[in-house]
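Visitor: Hi! Could you walk me through this model?
Guide: Happy to. Here it is.

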Amino acid sequence: MPAYETLKLQLTRISEDTAHLIEDAEKIIERVDDGFSQWKTTCQIISEQISEETMRVAVVGAIKSGKSTFVNTLFGGDYLKRGAGVVTSIVTRVRTGSRLRAILYLKNWDEVNRDIDQASVLLPAHKRSGEAHPLDIRRETDRQILERALADLAADQLISNDTRSAGSVLLASYLNGYDRVQPVVQADYATVVFGNDRFPLHRDFVGDDAMAVYLKDVLLEIDTPGLGEGVEIADCQGSDSPNPLHLAMIQDYLMLAHLTIYVVSSRTGLRQADIRFLSMIRKMGILETIVFVVNCDLSEHESPEDLAEGLRKIEADLSLICREPRMFTFSALFLLMSQMESDLSQRDRDRFGHWRRETEMVDFVSAEQRRFQQYLEQKIRRERTSLLLKNHLERLEIVAGGIGSWIDFNRDLLARDAGGARELADRVDSQRGRLERMKLTVKNTLDGAVNQVKRDLKTAIDRFFDEHADGVVSGVVRYVRSYQVEMHRYDESLMSVGFAKTLYMVFQEFKQALDEHMAETVNPQVIRFVKAQEKNLMVYLDEIAGPYGAMIDEALAQYTNAMDEGKMPQGRESQPIRLGPELESIRKVAGLSLPPAAATMRYSAQIKTEAVMRFGFYKIVNLVKKAMKKSADKVHQEQFLALASGVKRMKRETERSVLFHLKDYKENIKFQYMLKLADAAASALNGRMLERFQHHGADLSRLVDLISEQRLDKENVSASLDRMRDASRSLQEKIGHLKADLGQLNG
């Protein structure tokens, strides 16, 4: 078993043993104590978080760089689809599991129809959203409307900047995949599972746009060790995908990833698309999480010297974006073939045999692969240890220490006669007030601090999204206003298919360009801003926790000294509370997530299509009336003027829609995420502080009454407390050993 898994198991057992010790304490006082209940809740939450925590590793890179092949090597088999072209149409998450299966999470019909609604803006010959009957792909008549509208468009109208129009691709994909997917899509979310022998069927679903367009998420569980339990690998779409929505999906995952592996093909080197993508990652503020794998195509390099020259160029190009890039070079395909040599086809056997004879090259990439494997294992071990275990252990240490003090205190209580027990209980009662005031002070301070930090967050978010300031929103407005339509490109289209269809083509190109701007410029700025605000929030609360944590420790030390007249040893000083490592857990417990990056591209749903179309239509009608007395050239010129007017209205409608949508997006970030995160983080901090109070200030009247009424078997209770004391000391020794092991593992 890997060292991390061993430590994780030990930590889980310590949490369970602590909970059992608390249950034993409740049996002694013959009732459930509020403090004990909170301690048990802490142990339960820790156990659940330990089992659910996941370290995420994103694998990104350009199309055909070998990402899927690389991920396959991590699991030692051909599990993800490999091949030429745009194969990966969605982020595919891969984990180690108890059995082989692919879990496909589907969109619901509302999401599908919402996508269609946005993609069909300005599409002629159909009814639009906002009328009595919005498009619903489940209705045959609506599918026919869409099919006719797409069929009416000339082939060149489906091409935008040498690639197919994203809107037409989306609509065509939904229509083409409907019959195959219709039986499994539901009004609510549904899943499709391909297990064991049916596992390969997921490749057709994920690799086919007509099927993948219906997917919301994909999780593969592989019954091999991989990188260990609790590690998730994400095979992302090509960073140079022509679809901006693909880029937005990658951004959403990168927000959660602890490590990003960027795959570069040694055959192509660093391309313009790679530079754009890496520049975007830098804008997001996550460049420090990235490591580079140069996927060596052994067939493309004539000699080790040729490969070395290519690597020097790649490293030089990377250095322009990332200072001192961490880079490894090996062949993912060669490694995969070596892992599954017995299952290779004859053709692959011949190719593999040829590569193996290139001993110098093979020795180099094999050594690099071992170096990468060592780095990856060490990185995962350190990240999981520091992020996922250390904080849990510190919390359990507080709880275990508290129950140990409770045991010592009650052993002292039982050693007294009824009068002495009553005297001690009265002394405790007089001290309880001070601790209650301390608790109230902590709560009031946190409440005040949270109110202040929420005001600061509101101000920062409003300022960031202020359309009148020189920021992200004004930048989008400038982009829309400065966008130039090359009118001469639509000369033939305007004459052959008319105004409405030409305007749709113009809008599709415009929307594609604006979506790319949103994905490459706006989203990274938003993500960087949100990450900065999250960090500021955690730092602010940690700064509050510092002095108050010290005050709590001092108050509790005075309490213990007063209760026991200095006879009992002072407890060890508690570790300072740090919420930063718990950010992901806090979000998860509160059910919070940042609005997806793709949400910035939903502005088109707000465009008043009828206003644009009607405006252009009236222009055309008026021009046709006048054209009866004009030459063909004059008519053609007037048609261009009409199109120019339609484009002007289209841009105004888009600007209005973008402003409306970004305002809504801002409010969601503010009220549905950041302010709720502030409340959740403050609640978590208050809980951490109160954990230190739990065994102090207890109401001893129940135990004292039992002693006074001689209804307590002191001998049996003392024996139980002695056993609990031994168990408590053993527990704290285990915690000490585990802390040392964690330190060694992380060293």
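Visitor: Which residue just after helix 19 takes a positive phi?
Guide: That is Gly591, with a phi of about 70 degrees. Before we go on: this is a predicted model, where local features need pLDDT of at least 70, side-chain atom pairs count only at pLDDT 80 or more, and totals for chains, interfaces and linings use all residues. Residues are numbered from 1 along each chain as its sequence is written, and side-chain values use heavy atoms, with hydrogens and water left out.

Visitor: How are helices and strands numbered?
Guide: From the N terminus, as DSSP runs: H or I of at least four residues for helices, E of at least two for strands.

Visitor: Back to helix 19, then. Which of its residues are buried?
Guide: Helix 19 spans residues 583–590, and its buried residues are Leu583, Ser585, Ile586 and Arg587. Buried means under 20% relative accessible area, exposed over 50%, and partly exposed in between, using a 1.4 Å probe and protein chains only.

Visitor: Changing topic: in what order do the strands of the open sheet run?
Guide: The order is 6-3-7-2-8-1-9-10-11, nine strands with mixed pairing. Two strands pair if DSSP finds at least two bridges between them. Strand 6 (190–195) and strand 11 (327–330) are the edges, each pairing on one side only.

Visitor: What does strand 2 pair with, and is it parallel or antiparallel?
Guide: Strand 2 (residues 92–96) runs parallel to strand 7 (residues 215–222), joined by five bridges, and Thr92 stands opposite Val218 there. With strand 8 (residues 231–235), strand 2 pairs in the antiparallel sense over four bridges; here Arg95 has Glu232 as its bridge partner.

Visitor: On to the core. Which residues touch the most other members of the largest nonpolar core?
Guide: Phe70, Tyr214 and Ile261, out of 181 residues. Such a core is a set of buried Ala, Val, Leu, Ile, Met, Phe, Trp, Tyr and Cys residues joined through side-chain atoms within 4.5 Å. Helix 18 (residues 499–564) gives the most to this core, 25 residues.

Visitor: What is Ile261 in contact with, neighbours within four places in sequence aside?
Guide: Its contacts (heavy atoms within 4.5 Å) include Val57, Val59, Phe70, Val291 and Phe372.

Visitor: Which residues does the second core include?
Guide: That separate core has 30 residues, among them Phe36, Leu721, Met724 and Leu731.
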